[in-house]
Structures are given as structure tokens and as C-alpha cells.
Amino acid sequence: MQLTDYQAAFFAHELTKRSASDSVEKLAHVLADAQVDLNPHQVEAALFAFRNPFSKGAILADEVGLGKTIEAGLLLAQNWAERKRRLLVIVPANLRKQWSQELADKFYLPSVILEARSFNEAIAKGNLNPFKQDAIILCSYQFAKAKEPYVKQTDWNLVVIDEAHRLRNVYKGTSKIALSIKNSVAPFPKVLLTATPLQNSLLELYGLVSIIDDYAFGDQKSYRQRFTRLGENEDFAELKERLAPICKRTLRRQVLEYVRYTNRHALVQEFVPTEEEQRLYDLVSEYLQADKLYALPASQRALVTLILRKLLASSTYAISGTLQSLIDRLSEAEADAERVEAAPEDLPSEWEDYDELADEWSEEEEEGPKKGEPLTPEQLAELKEEKAKLQEFCALAKSIVKNSKGEVLLTALRRGFDAAAKAQQERGGATLQQKAVIFTESRRTQEYLFKILNETEFAGQVMLFNGTNSDQRAQAISTWEKLLRINPKAGVAQFRIGETQLAGGDRDAALASFRKAAQISPDAAEP
């Protein structure tokens, strides 16, 4: 099409037109293109982040479920539309793919997930800084820390940090990941997303705000004296006033006018541990309270103790594998006559948040032999005694085939399904297909639940979700989606998953069909 001079001038005007930073017109094109039903508070949050052109960033702290990812998507899409395309999103490792999918599906934004393999591939192709690509960069907290020099030398137009409360202890100076990320993105505009900006101490709020602006509250001493003990209304009002230009938080009760939430009904299912389970719990608890332990690295004792307690409370299957790993570590230490220097290698794979937790814990080393020093004969004798105890605990854990909590879970599921059906009938609606998501603390517990559920009326209706995607159904879906990405028009590729057949060519229809195939999903993650 041939443009006249007048048309060319008009289009040039449209392309260069500037809108006020707090005007919805600034987001007009993005709002028109977004494939999502936007709510007023989401648009307001995006405009809040744009409002002050001199601002170093913002904290978007809406409650869970109010769409902070959508708010960040609006900001990224607007920057992309303005040709500001140096965009970085730092997220927990298990959310990278979800973010990539959301950006593609809802905002048509290209993204690249940077991790060791893709980073090295880019280097091999001649890109000496793989953070500089024609796409939004997605990476984990750990990867951003590991590649700090590369992050620093990239002129970012916007940095989005999801689940930013993980950086809340940056003020302590001991959180390596938090300090690294703060330093590497300090000169650039940034948006922090968190539903829980405050958890244990008001100093955590100071830490998060310092990532945006180190001088918003002055130094830590002044903040501590002024705000950590809010006894007067004036102090509270001043804190709110200081936060107003930086932090925006929307609560669920504020959006009830236009967001309809499903009513929640809480059911409590009690359970009583068996004698063997209680004995195992007491023995391991007593062991963890000992003054000296050789199986736990001195520099991480509190951290590993915390995780062992969580695994112990999860199931005997969860704790038995880790106890065996501790025994193996002690055997190695006994053979080398040296102290244990690291946690069991399988702990990070068993506990998804291990790396994040490890970075937040800073501990004083216990008294004992220094690194590299051999154990004395007396210490070796104590090590052997401790190893014998762990072998006893491990044997007891493995002998407990049925866990009372797992058995009672079946009762809880049936109660829940009955209550849901009754609630639907009382509203005059038909009983819909019922679904359940079970959150576990451990992947071994997840596998145990998968097994016992498949021995009941739920057989064939259970699916696993975890970071490995080892479930047969999940692997088939992943393979099918990869084929569609290679050839989106392919209409002949078919996969059979149980009794469900998936035909290529319509992703949404296939996923809908897939959802019908499963009723219960044990999820190896915290709710």
C-alpha cells in the first residue's frame, strides 16, 4: 500500500506520541492486544509502576491470586512496544517455564530461558553475553547470582523479580544470592513482585525497599530506631507515607465488586501416628538435639536439621532415603577419617527449595576438627556410634510400610468430594467432575501417595506434578507440545495416555481432554 505524505505524517505522529505516565492511554495498545481479561486493579498497578519517571522501581504486593504476573506482563509488553527490549525476569527455577508460557499466550512476547546449557550454546554461537538477546530473558535466582558480571554489564530497560520476598534478608549482609542480585541490578528500573512483603520482622520490609532505593529509609540504624517497634499511630502513618510512592498492595476484599471468588470450606481430618511412627519421630528428634553430630556439616547444621524435621513429618518414606544418605556420608568420613563437609547430595533433589534456604542460613561453625584435619581415634569411635544409631533409625523407617497420615488421606478425599457435591446440589447446579490437588513436602512422599491412591477407586485417575515431570502422562504431553512447536499445523500426531487420546493441532482441546483424564494430582511443592 502506498502512503501519502499526509498519512505518513499521521502515522509518524502516532508512533512518537507520548502519553502521561499515569494515564491509561500509555497502556492503550498493550491493553488492546493482551489476551487476558484485565481487572481495574491490575491496570492501576501497572500505571503505578510507570507513574514516576524518576523512580528507581516499585514493589507490587497484591494478595495471592490477584494477578501480579499479569501486572508485570503489562509492564514488559509496554516496554517491548516502546522498543525498550532489554528485559530481565528473575524467578524461582520452577516458575521459569510457566512465565515463558504466560508471556507467549497472553502478551505474544518472546522469551528465552537462560540456564547453563542454553547459556553455553549461545556463547558457542558467538554471543559473548547471552543476556543480550532479542527476547525477554528468564532466569533463576541462582543463575542470576552465578552470572552476576554478565547481568551487570547489560543495560536493562526493566528488571522484574518474582517471589521477591526471597530477597527479604538482604539487609543482613549474609544472604549471598540477595546481595548479588541487588548489586547487579542496582542501576536499572526494577519491579518486585511479592504477596508477602512482610513475614517476620519490619526489617524485612526495609530490605526489600533497599533493593529499589537504598536511601528511601535512610540507614538501617535510623530505620530500626524509628519503625521496628510501631507504638504510636504517628509512626505507623509515617511508615505508610514513606512506602506510598514505592509499594502498592491490593487486598482481596478490595476487589470483590468485580472479582468473584469461589467459596472455601475448610474440613479438618485428624490422624493418630502408630506406635512405630511415634517411636521413629521421638528417636530422630532426640538425635537432632545432640550437642555434637558428625553426619551433619557444621556450617549447615541448623538448615539440614530443619529439612530433616520437615521430611520426618512428611512420611517415613521421605525420611528413610535421607537417613540412608547420612549413613553413606558417615561411611565415607569413617574411611577417610575426616569430618563431613557437605549435606547429602540428594537433598536438593528431594527438597526443591534447598538452594534458596541454604543461601538464607548463615551459621557459626561448631567446635571440632577444622576442615582437612583428621579425626582423632575418640572422634572416630563417636562417629561409629552415631552411624549405628542412624542405621537403627533407617531400618525402623523402612519397616513402616503404611503411614497413618497417608491412610487417613483417603478418608479426607472422600469427605471432601462428598462435601463438594453437596455444596453444588444446594446451589441447584449439576455435580461437576471433581478434582483434588495434594501438596506434599517431599517427592518420596509424593511417590508413596501415588502408589496408595492407585490401589483404590482412584486408580488410573492420579497424576504426578513435580520439577522432574517424570510422570508418563506429563512426559507424553511435553513430547506432544514440542512436536506442535516444530510444526504447529501438524494435525496427525496422536498420543494415547491411558484411555485418553490426544490429537495434534489443537493444544487447548488436548489439554482440556487431558484434564478430564486425571482426578487427583499429588504436587511435590509447598502450597
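## Helices H14 and H15

Helix H14 covers residues 301-314 and helix H15 residues 316-336; they pack at about 140 degrees, with axes 7 Å apart. Axes are lines fitted to C-alpha atoms, for helices over the stretch in contact, and angles run from 0 to 180 degrees between N-to-C directions. Helices (H or I, at least four residues) and strands (E, at least two) are DSSP runs, numbered from the N terminus.

Leu 308, Leu 311, Leu 312 and Ser 314 of H14 touch Ala 318, Ile 319, Thr 322 and Leu 326 of H15 (contact means heavy atoms within 4.5 Å). That contact holds six nonpolar, two polar and no charged residues. Ala, Val, Leu, Ile, Met, Phe, Trp, Tyr, Cys and Pro count as nonpolar, Asp, Glu, Lys and Arg as charged, and the others, Gly among them, as polar.

## Model basis

This is a predicted model: local features need pLDDT of at least 70, side-chain atom pairs count only at pLDDT 80 or more, and totals for chains, interfaces and linings use all residues. Residues are numbered from 1 along each chain as its sequence is written, and side-chain values use heavy atoms, with hydrogens and water left out.

## H15 against H20

The axes of H15 and H20 come within 7 Å and cross at roughly 135 degrees. The crossing is right-handed (near helix turned clockwise from the far one by less than a right angle; left-handed if anticlockwise). Tyr 317, Ala 318, Gly 321 and Thr 322 of H15 meet Arg 444, Thr 445 and Tyr 448 of H20. This contact has three nonpolar, three polar and one charged residue.

## H13 against H18

Helix H13 (residues 275-288) and helix H18 (residues 377-399) pack at about 155 degrees, their axes 10 Å apart. H13 and H18 are therefore roughly antiparallel. Their crossing is left-handed. On H13 the contact residues include Arg 279 and Leu 283; on H18 they include Glu 386 and Phe 393. The contact divides into eight nonpolar, no polar and four charged residues.

## Second largest pocket

The second largest pocket holds about 1,500 Å³ of space. A pocket is an open set of points on a 1 Å grid over the protein atoms alone, where a 1.4 Å probe fits, with protein on both sides within 12 Å along at least five of seven lines; lining residues have an atom within 4 Å of a point. Among its 43 lining residues, His 265, Ala 412, Gly 416, Ala 436 and Val 437 are closest to the centre.

H19 gives the most to this lining, with 15 residues. The lining has 20 nonpolar, 14 polar and nine charged residues.

Note on methods
Angles under 35 degrees count as roughly parallel, over 145 as roughly antiparallel, 65 to 115 as roughly perpendicular and the rest as oblique. Grid points are joined across faces, edges and corners, and a volume is the space filled by probe spheres set on the points.
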